[in-house]
Amino acid sequence: MQSPEKQTLLIVDDSPISIEILRSLLERKYRLKVALNGAKALQLAFAPKKPDLILLDITMPDMNGYQVSEQLKANPMTRDIPVIFVSALEETLDKVHAFEAGGVDYITKPFEPEEVLARVRTHLQIQSLNRSLREEITLRQEAQSALQQINDTLEKRVQERTEELAAANQRLQQEIKERINTAQVNERLLQQVRNLASYQQSMVEEERTRIARELHDEFGQVLTGMKMETSWLSKQIPDQDTPVAQGLKRISHYLDETIQLVRRVAHELRPGVLDELGLLAALEWSVQEFASRTGIHCKLDLQSEVSTFGRDIDTTVFRICQEALTNIARHAQAGEAKITLNKTPTHIEFNVQDNGKGITQEQITGAKSFGIMGMRERVRIWDGEISFTSQPGQGTTVQIRIPYNH
């Protein structure tokens, strides 16, 4: 059986006597390299066959041991080689300087042979264990990375194929059916569609904001002015029972209704509370308005100390809440709804749950379920997750998780 290869030690000392003592002590167990100065030590350390451990004197001409160690530790190729300082300097500050320069141990001259052998053997064992640990960590990271890439690739392919089928129109259905068995997905086109969908959502929100502002500021001012003028005209008529006075009252009433309608439409387009007070306040307003309008009892649980997560994320969560509540009002036949928001260290978690009749899997994945498709696209922009859980007669739960670690 072939004996294991000896480990290599580099002895750096400008004293031939010290080198000879260390050589006689170590040469039977280790392969030795010798350097009489710092420059030669760096040359041997940077060579392709690097030493496993360095015994380094401090006091040397031109370049002292501290400088040699600092250069070794500054180079990624040699920073992991353990350095044991061997010196006649006994002051505490000298030892502290040695450790600050990257040394792992300090042996004072004159030294005991058993001490040198023990310290060398110990640090070589530690070095071997560290090397094995680094190799194992590297192998595990490579395996995990490979597995993650495989999982991501499989998940992406499944997602792309599913979205391709859901987004296809009647003119492409026959072509898609012919290509299903070939498993070919035009990734570039799909990505362009996603980018376009994201851009369209952004433009829609900007346009909603602009129209809502114009309705509230400009049209609202005009209506308010008309209301004031109508009120003034009405006061100028002594007899309030005349047809003209009654007509002005009806006009004033219609103006009040129109003002309220304009406010409601502006809020539905882009509620000002979302931009002014943040997501939590907007959710409270939206849920209260929904409960008042539909008669569905709503429970709101907002477990977050943060009132806003930024305009775009606030908009995503708010629009998903609106869509989910709209689906409950239109289809669920529910009497209660529960809305919860929770901020974890890494995610925003948002759930909408009802006690209605439930929804089928076909309705969840159907090509005409545009509201559900829209919610999925909004979450996908943030690399988030969305799920729909339902049983017939037991209600439906919409769950989303969006990465957020601010």
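Reader: Where does proline 110 lie?
Author: Proline 110 is in the loop between β5 (105-108) and α5 (113-167). Those labels are DSSP runs numbered from the N terminus: helices are H or I with at least four residues, strands are E with at least two. Keep in mind that this is a predicted model, where local features need pLDDT of at least 70, side-chain atom pairs count only at pLDDT 80 or more, and totals for chains, interfaces and linings use all residues. Residues are numbered from 1 along each chain as its sequence is written, and side-chain values use heavy atoms, with hydrogens and water left out.

Reader: What kind of peptide bond joins lysine 109 and proline 110?
Author: A cis one, with omega about -10 degrees.

Reader: And what is the phi of aspartate 62?
Author: Aspartate 62 has a positive phi, about 70 degrees, although the residue is not a glycine. You'll find aspartate 62 in the loop between β3 and α3 (65-74).

Reader: Change of topic: how many cavities of 30 Å³ or more does a search of the whole structure find?
Author: The search finds one. On a 1 Å grid over the protein atoms alone, a cavity is a set of points where a 1.4 Å probe fits but cannot get out, while a pocket is an open set with protein on both sides within 12 Å along at least five of seven lines; lining residues have an atom within 4 Å of a point. The largest cavity holds about 30 Å³ of space, a volume being the space filled by probe spheres set on the points, which are joined across faces, edges and corners.

Reader: Which residues line the largest cavity?
Author: Its lining is Ile11, Val12, Asp13, Leu22, Leu55, Leu56, Asp57, Val86 and Lys109. The elements giving two or more residues to that lining are β1 (8-12) and β3 (53-56). By class, the lining of the largest cavity has six nonpolar, no polar and three charged residues; here Ala, Val, Leu, Ile, Met, Phe, Trp, Tyr, Cys and Pro count as nonpolar, Asp, Glu, Lys and Arg as charged, and the others, Gly among them, as polar.

Reader: What volume does the second largest pocket have?
Author: About 470 Å³. There are 22 residues in its lining, and Asn327, His331, Ile359, Gln363 and Ile372 lie nearest its centre.

Reader: Which element gives the most to the lining of the second largest pocket?
Author: Helix α11 does, with seven residues. Along with α11, each of β8 (347-354), α13 and β10 (396-403) supplies at least two. The lining of the second largest pocket splits into ten nonpolar, seven polar and five charged residues.

Reader: At what angle do α11 and α13 pack?
Author: Helix α11 (residues 311-332) and helix α13 (residues 370-381) pack at about 165 degrees, with their axes 10 Å apart. That makes the two roughly antiparallel. Axes are lines fitted to C-alpha atoms, for helices over the stretch in contact, and angles run from 0 to 180 degrees between N-to-C directions. Under 35 degrees counts as roughly parallel, over 145 as roughly antiparallel, 65 to 115 as roughly perpendicular and the rest as oblique.

Reader: Which residues meet there, between α11 and α13?
Author: From α11 come Thr316, Arg319, Ile320, Glu323, Ala324 and Asn327, and they meet Gly371, Met375, Arg378 and Val379 in α13. Contact means heavy atoms within 4.5 Å. This contact of α11 with α13 has four nonpolar, three polar and three charged residues.

Reader: And how do α10 and α11 pack?
Author: Helix α10 (residues 279-294) packs on α11 at about 15 degrees, axes 10 Å apart, and the two are therefore roughly parallel. Among the residues of α10 in contact are Trp285 and Phe290, while those of α11 include Phe318 and Leu325. The classes for α10 with α11 are twelve nonpolar, three polar and one charged.
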